Amino acid sequence: MRSLISIFDLTVPEIDELIETAKDIIANPDEYAEKCRHKKLATLFYEPSTRTRLSFEAAMLELGGSVLGFSEATSSSAAKGESVADTAKVISCYADIIAMRHPKEGAPFVAAENADVPVINAGDGGHNHPTQTLTDLLTIHREKGSLHGFTIGFCGDLRYGRTVHSLIYALSRYEDINVVLISPTELRLPGNIKKKYLKEGSFRETHSLEEALPSLDILYMTRIQQERFPTFEEYLKLKDSYCLDTDKLCLAKETLTIMHPLPRVNEISVGVDKDPRACYFKQALNGKYIRMALILKLLEEAEKDRAYHPDTDYIVDNTLRCDNSKCITSIEQELQHKFRLTDPENGVYRCIYCERQTSKN
Ligand code: NCD
């Protein structure tokens with residue numbers, strides 16, 4: 001049985017297939033209205049959300065299914081100290097598929113290891129947000145006609161923004177894409193992501209949105225992620241780093257596509273909403289269609305293959321600890337400390353939950 005924890009759980013042809021299904025749903029909604037009759041989706045949201053949770057719920061309802069769940073940790077047994085593993089086992093008794101958002105990195109992975117139904121990661125800390133990525137890919141495909149041959153600028157909080165990280169992972173598998181990283185120094189894209197997913201010569205970094213704008217085919221604006229800063233003072237210093245307004249838009253191509261995963265705070269002025277290049281509300285709508293396609297696919301697969309196939313490509317080593325304070329292992333003491341040996345020569349390991357690098361030496 002398959003879950004979606006990272007965008008790499010889907011192959012490129014599978015992503016293409018999901019995009020095609022989403023387009024077919026848009027063209028023929030009635031044909032899909034009964035596809036999930038008697039199926040239930042559980043939305044387990046330990047962190048705030050509007051679009052992601054409600055688009056999952058709307059997706060399941062439009063497929064003829066039902067939804068149950070909670071929208072804050074305080075209204076679940078997590079408030080009594082229940083582990084993610086136990087919650088996943090229990091919810092498997094009540095629902096056919098789970099969508100989970102959690103502030104700790106790797107929590108949906110733990111859920112997938114323990115659930116008897118497919119688990120979809122709806123955002124884990126600053127780590128991954130694969131269904132936003134599918135939403136973004138569908139939006140790019142609908143606006144630009146393909147998933148290659150463009151220059152995309154990511155602007156804002158590239159350090160903590162999980163939607164940026166996940167979309168960069170996804171785009172690394174397509175050809176002929178140039179990336180412009182626009183951020184203050186403090187919020188630059190983490191070095192390991194740059195090194196692993198951006199090819200030499202295919203990206204550049206700048207502080208200036210004005211300087212980058214004329215070269216862009218797509219601008220992906222992001223919110224400064226207040227909740228992920230170590231202190232509020234650090235957030236205050238950076239919160240107004242960028243604001244796209246109608247004056248700045250004069251510098252951009254007529255064919256620019258402006259995206260934003262939303263919510264926006266003040267990084268795009270409302271005046272921009274009327275500009276035909278503004279795509280962020282269409283993007284939010286696309287999120288419902290691609291989630292319909294994903295729910296259908298995972299439920300169909302689960303129907304065929306009920307067995308759980310554990311990932312055995314890891315070691316358990318009690319002399320090693322993940323030192324990421326945002327990893328799920330930092331709050332759940334019962335979890336085994338699992339690692340992948342990524343560089344045997346230098347004794348470098350990666351935590352299986354949050355992917356933080358650690359070493360024996
Ligand atoms: C994003 C998220 O939760 O990471 N929102 C979303 O899912 N649409 C972006 C954000 O919160 O800034």
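I noted the conventions before going on. Residues are numbered from 1 along each chain as its sequence is written, and side-chain values use heavy atoms, with hydrogens and water left out. As the model is predicted, local features need pLDDT of at least 70 and side-chain atom pairs count only at pLDDT 80 or more, while totals for chains, interfaces and linings use all residues.

**Ligand**

The shell consists of Arg 51, Thr 52, Arg 101, His 129, Gln 132, Arg 162, Thr 163, Arg 223, Gln 225, Pro 261, Leu 262 and Pro 263.

I sorted the shell by residue class and found three nonpolar, five polar and four charged residues. In this scheme Ala, Val, Leu, Ile, Met, Phe, Trp, Tyr, Cys and Pro are nonpolar, Asp, Glu, Lys and Arg are charged, and the others, Gly among them, are polar. Helices α2 (51-62) and α6 (162-171) each supply at least two shell residues. Helices here are DSSP runs of H or I with at least four residues, strands are runs of E with at least two, and both are numbered from the N terminus.

I then checked polar contacts, that is, pairs of N or O atoms within 3.5 Å. An oxygen atom of the ligand is 2.7 Å from a side-chain N or O atom of His 129. For the side chain of Arg 223 the corresponding distance is 2.8 Å, and for that of Arg 101 it is 3.1 Å. The protein covers 95% of the 320 Å² of accessible area that the ligand has on its own, by the Shrake-Rupley method with a 1.4 Å probe.

**Backbone**

I found a cis peptide bond from Leu 262 to Pro 263, with omega near 5°. Pro 263 is in the loop between β9 (257-259) and α11.

I also found His 38 with a positive phi of about 70°, although it is not a glycine. His 38 sits in the loop between α1 (12-27) and β1 (40-45). Is His 38 buried or exposed? His 38 counts as exposed because its relative accessibility is 71%; the cut-offs are under 20% for buried and over 50% for exposed, with partly exposed in between (1.4 Å probe, protein chains only).

Glu 355 has a positive phi near 70° as well. Glu 355 lies in the loop between β12 (348-351) and β13 (357-359) and, at 34% relative accessibility, is partly exposed.

I placed Lys 297 in helix α11 (residues 280-304). Lys 297 is buried, because its relative accessibility is 10%. Apart from neighbours within four places in sequence, Lys 297 contacts Arg 2, Leu 10, Glu 14, Glu 17 and Leu 18.

I placed His 148 in the loop between α5 (130-144) and β5 (150-155). His 148 is partly exposed at 43% relative accessibility. Not counting residues up to four places away in sequence, His 148 touches Tyr 174, Glu 175, Asp 176 and Ile 177.

Note on methods:
Contact = heavy atoms within 4.5 Å. Near = heavy atom within 4 Å. Polar contact = N/O pair within 3.5 Å; in protein donor to acceptor, adjacent residues only side chain to side chain.
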